[in-house]
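Here is a friendly walk through one protein chain, to read with the model open beside you.

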Amino acid sequence: GHLPPRRTVSGLLRSAHATYATLDDGTVADYIPSLAAADPGRFGISVCGVDGNSFSIGDAQDAFSLQSISKAFTFALVCDAIGHTTVRQAVGVNNTGLAFDSVMALELNGGSPRNPMVNAGALVMISLTPGDSAAAKWQYLQEGMSRFAGRRLQLDAQVYDSEAATNHRNRALAALLRSYGHMSYDPLLTTDIYTRQCSLLVTARGLAVMGATLADGGVNPLTHERVVGPSVCRDTLAVMATSGMYQRSGDWLYEVGLPGKSGVSGGIVTVAPGKGAMATYSPRLDAAGTSVRGQHATRSLSRSLGLDLFASA
Ligand code: GLN
């Protein structure tokens, strides 16, 4: 199973971009001050097949920070390092039904994050990352994410500084996890690594390659390097399906029929197992923190490209 022929894909991308570029619903995230400076009119879409063929339209070369999209790749890297069972015991795989930064979700669940796609779960994953210092853990993650992308991902210092100066809630979540005995590493150092991974810069084109690596059982379709094992990709896609869009994950799966992960800078990565991946960038977000144009374009392309996992034809 592969993507449709090249001319079909580029025509479909062009028409989805034109259709949804007119949508002006939603607002740019501003709780991280530097994200508020994003141009709300930017819109890029990219698709990458497991054969390495890629197609892009619009602002697919704009750099933006990974934000919560990083959580999916960290989960994969840590699963690959310490195993399916340990990770599942530590974070769980069920939706919280609440926002990505909910403190109540933790309190309701006896201090368990419930899944690795919310901030609390992502913080636990970082505490479990191999490395006996913060610098070693960060290096492990930055190098791993870079292998998914097929090139060295750089940190946006302005986004990092801006979030580091304002991330009181994430620091509180880490401290709360620690008090419940769910955080095995220093909570402030863990939060700092989390803030770094959220500040890594990608483009829609690069993000589609990262997603295509998950679609391809863990082998980067451009560099042919194995980044993680196939069972890890399978686990990652399953948890993206339950929790990648937080409290709106059910709506997303119902509408799009594919696992996806969003971030508050306006990126979304969506994976069609065995076929390829799609990435969108558009900074206006809905109330759950997911790009509005990105959701519409992804839903439409999932159907027109024949990727919806639940469609029989
Ligand atoms: N860095 C952001 C935060 O922790 C990521 C949130 C997101 O993209 N949903 O708040």
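## About the model

This is a predicted model, in which local features need pLDDT of at least 70, side-chain atom pairs count only at pLDDT 80 or more, and totals for chains, interfaces and linings use all residues. Residues are numbered from 1 along each chain as its sequence is written.

## Two domains

An automatic or database domain assignment divides the chain into domain 1 (6-66 + 201-304) and domain 2 (70-198). Their C-alpha centres lie 21 Å apart. Domain 1 gives 34 residues to the contact and domain 2 gives 36, where contact means C-beta atoms, placed from the backbone, within 7 Å.

On the domain 1 side, strand S5 (201-202), H10 and H11 each supply at least two residues; helices here are DSSP runs of H or I with at least four residues, strands are E runs of at least two, and both are numbered from the N terminus. H11 provides the largest share of that side, nine residues. By type, the side of domain 1 that touches domain 2 holds 16 nonpolar, 15 polar and three charged residues. Nonpolar covers Ala, Val, Leu, Ile, Met, Phe, Trp, Tyr, Cys and Pro, charged covers Asp, Glu, Lys and Arg, and the others, Gly among them, are polar.

## Helices H6 and H9

The axes of H6 (residues 134-149) and H9 (residues 187-198) come within 10 Å and cross at roughly 25°. Therefore H6 is roughly parallel to H9 (angles under 35 degrees). Each axis is a line fitted to C-alpha atoms over the stretch in contact, and angles run from 0 to 180 degrees between N-to-C directions.

From H6, the contact uses Ala 134, Lys 137, Trp 138 and Leu 141, while H9 brings Leu 189, Asp 192, Ile 193, Arg 196 and Gln 197. These residues divide into five nonpolar, one polar and three charged.

Val 228 sits in the loop between helix H10 (204-215) and helix H11 (230-243). Val 228 counts as buried because it has 25 C-beta neighbours inside 10 Å (buried takes 20 or more, exposed 12 or fewer). Leaving out residues up to four places away in sequence, Val 228 touches Ala 76, Leu 77, Asp 80, Gly 218 and Cys 233.

His 224 is in the loop between H10 and H11, and its phi is positive, near 65°. With 10 C-beta neighbours inside 10 Å, His 224 is exposed. Gln 67, in the loop between strand S4 (64-65) and helix H2 (69-82), has a positive phi of about 50° without being a glycine. Gln 67 is buried, with 26 other C-beta atoms within 10 Å.

Notes
Angles under 35 degrees count as roughly parallel, over 145 as roughly antiparallel, 65 to 115 as roughly perpendicular and the rest as oblique. Two residues are in contact if their C-beta atoms, placed from the backbone, lie within 7 Å.
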